[in-house]
Amino acid sequence: MSVQPLDLGHPLIARARQQLETTEGLFYRFPIEDSVRAGQMPLLMAGPPEQRGRASHPDEIYLWAYTYSSAERPGVRVRETIQGDDIPGAYWRFGDAYSAQSGNGNPGDLPGDFKFLYSAAVIRDPASGEGVYAIYGSGWILLPDDDPLGARVLPPFRGAGGGLDGGPLFTVHGRPIDNMFFLPLGVRPGAVLETGDVFRMAGPIMPTLPSRIAYTVTAPDGAQRSFTGRANAVGYFYDPTDDFVLDQPGLWTVDIGLTHEGQTSVGPVEPPFPAGGPLTPDGATFTFVVAGEQTQVLDIETDLTLLTPPQWYAGYPGVQTAFFEARLPAGWSGATAREVVTMPGIVLVDEDIPVTNGAIRWDLDAPSLNRLASNFDYESGMADTITVTFFAESTTGSGIVQATGSIVTHGARVPVAPTPA
């Protein structure tokens, strides 16, 4: 991280530059003047000018000047740092297993994996309490080795705002993601909530720009609530005034659309404006479940529970298939049920399936899921966090009966719920 000073005469920026000059050659290997002229002014903390060097205690710091940086992949933490330019950068390679976090396999990043990169810069005077701050956001996507254009850094929206066309971001469900997408992190696809819980729409947009979002939430009885808003300067959207209480049990649907009609890093976009939505089968909608007091709980079984710990991390080919099944209550009359299957960031399945012999069943086939999303990790054994949600509804003499259940696996490993004390 480095910063581009827009006003070299600003008192705090001038002091930060002076702090660099008094320590030139000690921590930073490039000429300070060249870096400032290039718009890449380093930041570091040091003692008073007469001390000419690093401060050894917070009370000795003349001026706080540092950056926050983070790189996050859905479901996997990559790096978070707080540092000045006197500290070496936090580097990682694409084959990093990221400390063997659940949801990440030994190969590390796969083609189609994406990361949100966020940073902030701080210059602050501890004596006066005055400070200046800046934020930054961008996106990163791993390309396949045989990508014909090779590695590249390009402006967003395939040249719609100027610059070259770098091609689609990646492909999901056989559909190229040409411009932009949204990652719901408030109420997530396939979530199971309860009546009385609060619906919140929140999450990042890639590219990380102040784009517009419009969404409609449809309740089980067909009632709709529609909202519009704009993401912040680094593409994150959340408006607390949109929050509402979920008042009906059943299957809810969210329809999301994105547009960007403003500036990019190379200029304003022109009509037709870039558009996008969530990473779902249809690129626009997702569903979630709200359980009521009378909603019955489905116990989802999977053959993954039969595996031993050594099989969780078996070498090639590892575990690549599994089944998930839930038996419905006796006398169930509904002919179909809803299944939602997600991995972090992507909805793999969201569809109605038949009820067969009083049961709901979904068969996982890892190679097929990898064809839907190329970053589904399976070749050395499944690794991604997978959430499977079932919802069913039946009509009886006393009214409508609903049942739902959800299960999470980390690759082939099914977490064991803690036993209540």
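1. Accessible areas here come from the Shrake-Rupley method with a 1.4 Å probe. On that basis, the protein chain exposes about 20700 Å². Carbon and sulfur atoms supply 53% of this area. Keep in mind that this is a predicted model.

2. Start with the overall build. The protein chain has 4 helices and 27 strands. Its C-alpha atoms fill a box of roughly 85 × 55 × 50 Å, taken along the principal axes. There are 421 residues in the protein chain, and buried ones make up 46% of them.

3. Next, contacts along the chain. Take the contacts between residues at least 6 apart in sequence. Of these, 63% join residues at least 24 apart.

4. Now the pairing of strand 22 with strand 25. Strand 22 covers residues 321-327 and runs antiparallel to strand 25. How many bridges join the two? The count is 7. For a landmark, find Phe 323, which stands opposite Asp 363 in strand 25.

5. Is Asn 104 buried or exposed? Its relative accessible area is 8%. Buried means under 20%, so Asn 104 counts as buried.

6. What does the side chain of Asn 104 make a polar contact with? One partner is the side chain of Arg 73, at 2.9 Å. The backbone oxygen of Ala 97 also lies 2.9 Å from a polar atom of the Asn 104 side chain. Neighbours within four places in sequence aside, Asn 104 is in contact with Arg 73, Val 76, Asp 96, Ala 97, Tyr 98 and Ala 383.

7. Turn to the surface. Leu 185, Tyr 236 and Tyr 238 form a nonpolar patch there. Together they have about 240 Å² of accessible area. Leu 185 lies in the loop between strand 7 (180-182) and strand 8 (192-194).

8. Leu 185 has 33%, so it passes the area cut-off. Leu 185 is classed as partly exposed.

How values were computed
Residues numbered from 1 in each chain as written. Predicted model: local features only at pLDDT ≥ 70, side-chain atom pairs only at ≥ 80, totals over all residues. Heavy atoms only, no water. Patch = residues over 30% accessible without salt bridge, like charges linked within 9 Å, V, L, I, M, F, W, Y side chains within 5 Å. Salt bridge = Lys/Arg side-chain N within 4 Å of Asp/Glu carboxyl O. Buried < 20%, exposed > 50% of the residue type's maximum accessible area, 1.4 Å probe, protein only. Pairing = 2+ DSSP bridges. Contact = heavy atoms within 4.5 Å. Polar contact = N/O pair within 3.5 Å; in protein donor to acceptor, adjacent residues only side chain to side chain.
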